[in-house]
Structures are given as structure tokens and as C-alpha cells.
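These are my notebook entries on one structure, written down in the order in which I looked things up. The sequence and the model come first, and my entries follow.

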Amino acid sequence: MQKTKPSQHRLTATEFIEQTYLEVADTQGVSPFHLWAGQKTALATMEHDRLAVFLKARQLGISWIVCGFSLWSACTFPNQTVLAYSQGQLEANELIRRVSFLYHNHRAVLPALTTDNIGMLAWDNGSRMLSLAATRRAGRSFTASIAILDEWAFMAWPRQTLAAVKPTIDAGGKLFIISSADGQGSAYHQFWQHAVSGRNG
């Protein structure tokens, strides 16, 4: 489905997300993307903070929220680069697939997609989203508007991947670390505790 350039009215991230549909896993159907209070809080954090860590559980929709926010950013502002990492390439590609799903089920007029495949989305406003392997040198050649580390706790080299990805957003981009819990004393558990106490920024 090809879409033309957006109108002059700029939707907020919340308005934008609530004009699309998401998949309903249990029924294999689709449902209007109505944000509930906890999701709006997570979305507000993504809008207003550059560095954020999210502790997620199943069925909270945090991955869908970050996908919706990435699509909003890519379609609202030109020349955005969104980098998506997960515990494996397959899982990173799933983030791309979800953003493509949200795009194709959106009710607003959006920039046209020029590339739509398992590893990359690109729009005619110069924005793009890529899925990359979570390696020790992940994404070093990029400058990112948004970098997503999904299931960071379960990456093979979490600390090294974070150290490689962080400089990609230091020019003013955003970094979202999202993961479910992986037990006491782990790298993610320590990182989460430091975030809550304000010790790691």
C-alpha cells in the first residue's frame, strides 16, 4: 500500500499510535491500538527522555509501544535513523515486521515506503529503520535518532553491545533498553537497580 506525504497537522505520538491497529496474538486478528494508562506512561517516557530502561512482562505491549513510537518518529520527522537490536537477528527482524504492520494498518496519510523487507524499512522522507545483530561492535558506523535494545538481558554480550550502541545516539538521539527480568545479580538486574537509584543516568 503506497501512501503520500502527510498533511500539515502533526499528530502527537499518542494520537498517531491510536490511529493504527495491532495484532491480537491469541486470536491472530487485529484490534484498534487503544493505549491504556501504563502504556501512555511508557510512551511519555519515550517522548521526553533520551535514555530509558524498561522492565517488561508478557502482554504489557511495551515492544509494540516502542515500535509505534519508532514509526511516529520516522514518519513525522525527516531523515530519522532507527536501529533495532534484539537477542538475535530473527527477533530484531520481528521489530521491523511489527513497524511495517503498524504502517500498513494506519489510518493517517504517511510518507511512502521505498523499502519494506525483513531487515529494513525506508521512507521517501529520508527516514529508515534497520535491524542489526547484537554483537560486540553493534552499529558502530551509524548515527542513530533512536536505538532500541530489546531483550537486552538475553543478548550474548549485553555490556559490550550497550558500549557499542551508546555512542550512536550521543549526538542527541534516544536509547531505549527493554527487557524482561533474567534473575538476581545479572547484568540487567544490576543495570535496572542503578537506573532506579539514579546512579547510571
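**Entry 1: the cysteines**

I began with disulfides, taking one to be a pair of cysteine sulfur atoms within 2.5 Å, and by this rule the count comes to zero disulfides. I looked up Cys 67, which is in no disulfide, and noted that the nearest cysteine sulfur, that of Cys 75, is 13 Å away. Cys 75 is likewise in no disulfide, its nearest cysteine sulfur being that of Cys 67, 13 Å away. For accessibility I used the rule that buried means under 20% relative accessible area, exposed over 50%, and partly exposed in between, with a 1.4 Å probe and protein chains only. Cys 67 has 1% relative accessibility and therefore counts as buried, and Cys 75, at 5%, counts as buried because of the rule too.

**A note on the model**

I reminded myself that this is a predicted model, in which local features need pLDDT of at least 70 and side-chain atom pairs count only at pLDDT 80 or more, while totals for chains, interfaces and linings use all residues. Residues are numbered from 1 along each chain as its sequence is written, and side-chain values use heavy atoms, with hydrogens and water left out.

**Entry 2: helices H2 and H3**

Helices (H or I, at least four residues) and strands (E, at least two) are DSSP runs, numbered from the N terminus. How do the axes of helix H2 (residues 37-48) and helix H3 (residues 62-76) cross? I found that they come within 10 Å and cross at roughly 40 degrees, where axes are lines fitted to C-alpha atoms, for helices over the stretch in contact, and angles run from 0 to 180 degrees between N-to-C directions. Angles under 35 degrees count as roughly parallel, over 145 as roughly antiparallel, 65 to 115 as roughly perpendicular and the rest as oblique; H2 and H3 are therefore oblique to each other. The crossing of H2 and H3 is right-handed, a word used if the near helix is turned clockwise from the far one by less than a right angle, with left-handed used if it is turned anticlockwise.

I then listed the residues in contact, meaning heavy atoms within 4.5 Å: H2 gives Gln 39, Ala 42, Leu 43, Met 46 and Glu 47, and H3 gives Ile 62, Ile 65, Val 66 and Phe 69. I sorted the residues of this contact of H2 with H3 into seven nonpolar, one polar and one charged, counting Ala, Val, Leu, Ile, Met, Phe, Trp, Tyr, Cys and Pro as nonpolar, Asp, Glu, Lys and Arg as charged, and the others, Gly among them, as polar.

**Entry 3: helices H3 and H4**

H3 also packs with H4, at an angle of about 65 degrees and with the axes 9 Å apart, and the crossing of H3 and H4 is right-handed. From H3 the contact takes Ser 63, Trp 64, Cys 67, Gly 68, Leu 71 and Cys 75, and from H4 it takes Leu 95, Arg 98, Val 99, Phe 101, Leu 102 and Tyr 103. By class, the contact of H3 with H4 has nine nonpolar, two polar and one charged residues. I noticed that both cysteines of my opening entry, Cys 67 and Cys 75, are in this list.

**Entry 4: backbone angles**

Most residues other than glycine have a negative phi. I looked up Asn 79, which has a positive phi of about 60 degrees although it is not a glycine, and which lies in the loop between H3 and strand S4 (81-85). Is Asn 79 buried or exposed? At 54% relative accessibility, Asn 79 counts as exposed.

Glu 151 also has a positive phi, of about 55 degrees, and is not a glycine. I placed Glu 151 in the loop between strand S8 (146-150) and helix H5 (158-165), and at 12% relative accessibility Glu 151 counts as buried.

In helix H5 I looked up Thr 161, which counts as buried at 0% relative accessibility. Leaving aside neighbours within four places in sequence, Thr 161 is in contact with Ala 134, Thr 135, Ala 138, Leu 149 and Met 155.

In helix H6 (residues 187-197), the buried residues are Ala 187, Tyr 188 and His 189, and they pack against strand S3 (51-55), H5 and strand S9 (174-179). After H6 comes Gly 198, whose phi is positive, near 80 degrees.
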